[in-house]
Amino acid sequence: MEPTIKIALVGAGMFGGDVHLRAYADLQRFGVAGQLARVGLDKYARELSPVKFDLVAVATRSQKSAEKSAAAFAEWTGHSPKCYSGEEPWHDILRDFPDLDVLAVATPDHLHTQPILAALAKGAHVLTEKPMCLTTQEADQIIEAARAKNRIVGVDMHKRYDPDHLRIRDDIQNRIGAPLYGTAYLEEPLEVSTSTFKWVESSDPFSYVGPHWTDLIFSYYKSKPASLTAVGQKKRLVRDGINAYDAVQVRVDFENGMSINFHNNWITPADFEGPVNQGQEIVGADGKVESDQQYRGFRWWNAGGGTRTSNNHFTRDVLRADGTRAYVGYGVDSLTVALVAVSRVKFAGESRDALRTLSGSPATSTTGPRVRSSYGTHPCVEGSRPTPRSRWSRWITRSPT
Ligand SMILES: NC(=O)c1ccc[n+]([C@@H]2O[C@H](COP(=O)([O-])OP(=O)(O)OC[C@H]3O[C@@H](n4cnc5c(N)ncnc54)[C@H](O)[C@@H]3O)[C@@H](O)[C@H]2O)c1
């Protein structure tokens with residue numbers, strides 16, 4: 001029998017229906033070998049080239065959107081995944097596919113833990129969108145379950161694979177000396193909080209995109225958050241009757257003494273020139289690095305279109321001779337690393353521990369011990385809750401979500 005990794009996708013909205021679905025379509029057609037040099041794993045190219053990736057199921061809340069996603073997948077690949085829908089469709093998938101290898105989770109922020117735990121209980125690996133979960137209790141549960149079942153929980157921390165960030169991790173941080181302080185920001189469009197997401201009252205801008213940056217800083221310095229303070233504001237969204245934070249500012253002090261301020265919002269007006277505004281600055285004892293991931297020097301304007309920028313590094317379409325388009329970029333790279341890890345466990349019998357430094361650093365945030373871990377996600381999850389909860393009753397009342 002051909003070596004196969006069976007994947008099911010739960011959640012196919014703005015992110016699952018685009019980045020995951022397109023990435024799995026390319027894997028379905030061509031396998032993973034072509035993606036491997038991008039993430040420093042090309043030594044596995046020959047070994048993994050026969051591995052087939054099969055998207056066996058897609059699930060969303062409504063049957064109609066599941067069918068729409070399946071139809072798009074069929075158009076790209078000629079293969080139609082089975083459709084599921086409802087409030088907890090992952091149970092049906094796990095029942096129908098007892099040999100499922102990977103449950104990919106791209107449901108809203110507050111709906112990650114349930115499918116993750118259900119998949120682990122059935123012995124499937126997990127590839128989840130960030131944030132892995134919203135509370136430390138949930139994180140502990142996931143970590144324990146993954147350990148007990150010896151399964152991987154990959155968290156999609158793709159900022160680690162941005163070429164500029166790899167340069168900082170592998171080179172620039174050594175030039176600028178011990179890190180002192182910094183800022184990292186990601187400002188999302190108003191459209192996501194007022195129209196795309198129906199679930200913003202169950203999350204907040206820091207929980208939504210802050211994990212990217214806390215994880216990224218961890219990936220550079222391997223230092224865990226020691227304490228944090230956070231403030232948030234509610235002024236813009238309440239105007240539209242949405243009881244959610246417009247913006248959150250979080251200061252995290254790390255064990256190595258550096259202090260980083262994370263600024264996140266989801267109220268940037270549509271007139272802004274880029275899809276999102278994002279960047280970081282880190283001051284070290286002997287220098288400084290600035291990295292603007294919004295304006296990378298690529299900008300255009302046209303009559304009626306305003307001035308626009310785009311990030312051609314996140315994902316881009318590369319035209320193939322047959323008219324279809326290969327989908328590559330750092331947005332896909334973190335999914336690739338997680339699937340390589342699963343393939344190594346399944347076909348090479350490697351242990352989760354052996355995969356810790358896959359791809360040059362603690363890899364795609366596979367789960368490990370909570371406090372002692374050198375993995376990125378867990379210290380960040382640990383650090384990102386206690387202070388707000390103890391300070392603001394609202395954060396207490398809406399948590400856990
Ligand atoms: N890695 C990134 O940079 C990135 C970017 C955007 C979003 N995300 C994350 O991806 C996740 C999904 O975000 P999105 O932008 O696609 O949101 P979305 O609201 O556009 O889509 C959510 C999807 O989940 C489905 N869903 C909702 N409730 C469900 C349920 N009970 N059972 C099954 N399916 C259900 C919806 O039908 C929809 O398909 C979020 O956790 C978000 O933070 C990550």
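What follows is a short chat about a predicted model.

Reader: Let's start with the ligand. Which residues come nearest?
Author: Gly11, Gly13, Met14, Thr60 and Glu129 come nearest. They belong to a set of 25 residues around the ligand.

Reader: How does that shell divide into nonpolar, polar and charged?
Author: It has 11 nonpolar residues, eight polar and six charged.

Reader: And where does the ligand lie relative to domain 1 and domain 2?
Author: Between them, because both domains give residues to the shell. Domain 1 covers 4–158 + 318–368. Domain 2 covers 163–312 + 382–397.

Reader: How many bridges join β1 to β2?
Author: Seven, and the two strands run parallel. β2 spans residues 52–60. Within this pairing, isoleucine 5 has phenylalanine 53 as its bridge partner.

Reader: What about β1 and β4?
Author: Those two run parallel, joined by four bridges. β4 takes in residues 102–105. There, alanine 104 stands opposite leucine 9.

Reader: Now β13 and β14. Parallel or antiparallel?
Author: Antiparallel, over four bridges. β13 is residues 299–302 and β14 is residues 306–309. Tryptophan 300 has arginine 308 in β14 as its bridge partner.

Reader: How many residues sit between the two strands?
Author: Three, and the strands form a hairpin. Glycine 304 is in the turn, with a positive phi of about 80°.

Reader: On to helices. How far does α7 reach, first C-alpha to last?
Author: 17 Å, for 13 residues, 163–175. That is close to the 18 Å expected at 1.5 Å a residue.

Reader: Where does α7 bend?
Author: At arginine 169, by about 50°.

Reader: And what follows α7?
Author: Glycine 177 does, and its phi is positive, near 80°.

Reader: One more residue, alanine 146. Which helix is it in?
Author: Helix α6, which runs over residues 136–149.

Reader: Is alanine 146 buried or exposed?
Author: Buried, because 22 other C-beta atoms lie within 10 Å. The cut-off for buried is 20 or more.

Reader: How are alanine 146 and alanine 124 separated?
Author: Their C-alpha atoms are 9.5 Å apart. Along the chain, the two alanines are 22 residues apart.

Methods:
Residues numbered from 1 in each chain as written. Predicted model: local features only at pLDDT ≥ 70, side-chain atom pairs only at ≥ 80, totals over all residues. Expected span 1.5 Å × (residues − 1). Bend = angle between axes of the 7 residues up to and from the residue. Near = placed C-beta within 6 Å. Nonpolar A, V, L, I, M, F, W, Y, C, P; charged D, E, K, R; others polar. Domains from an automatic or database assignment. Buried ≥ 20, exposed ≤ 12 C-beta atoms within 10 Å, placed from the backbone. Pairing = 2+ DSSP bridges.
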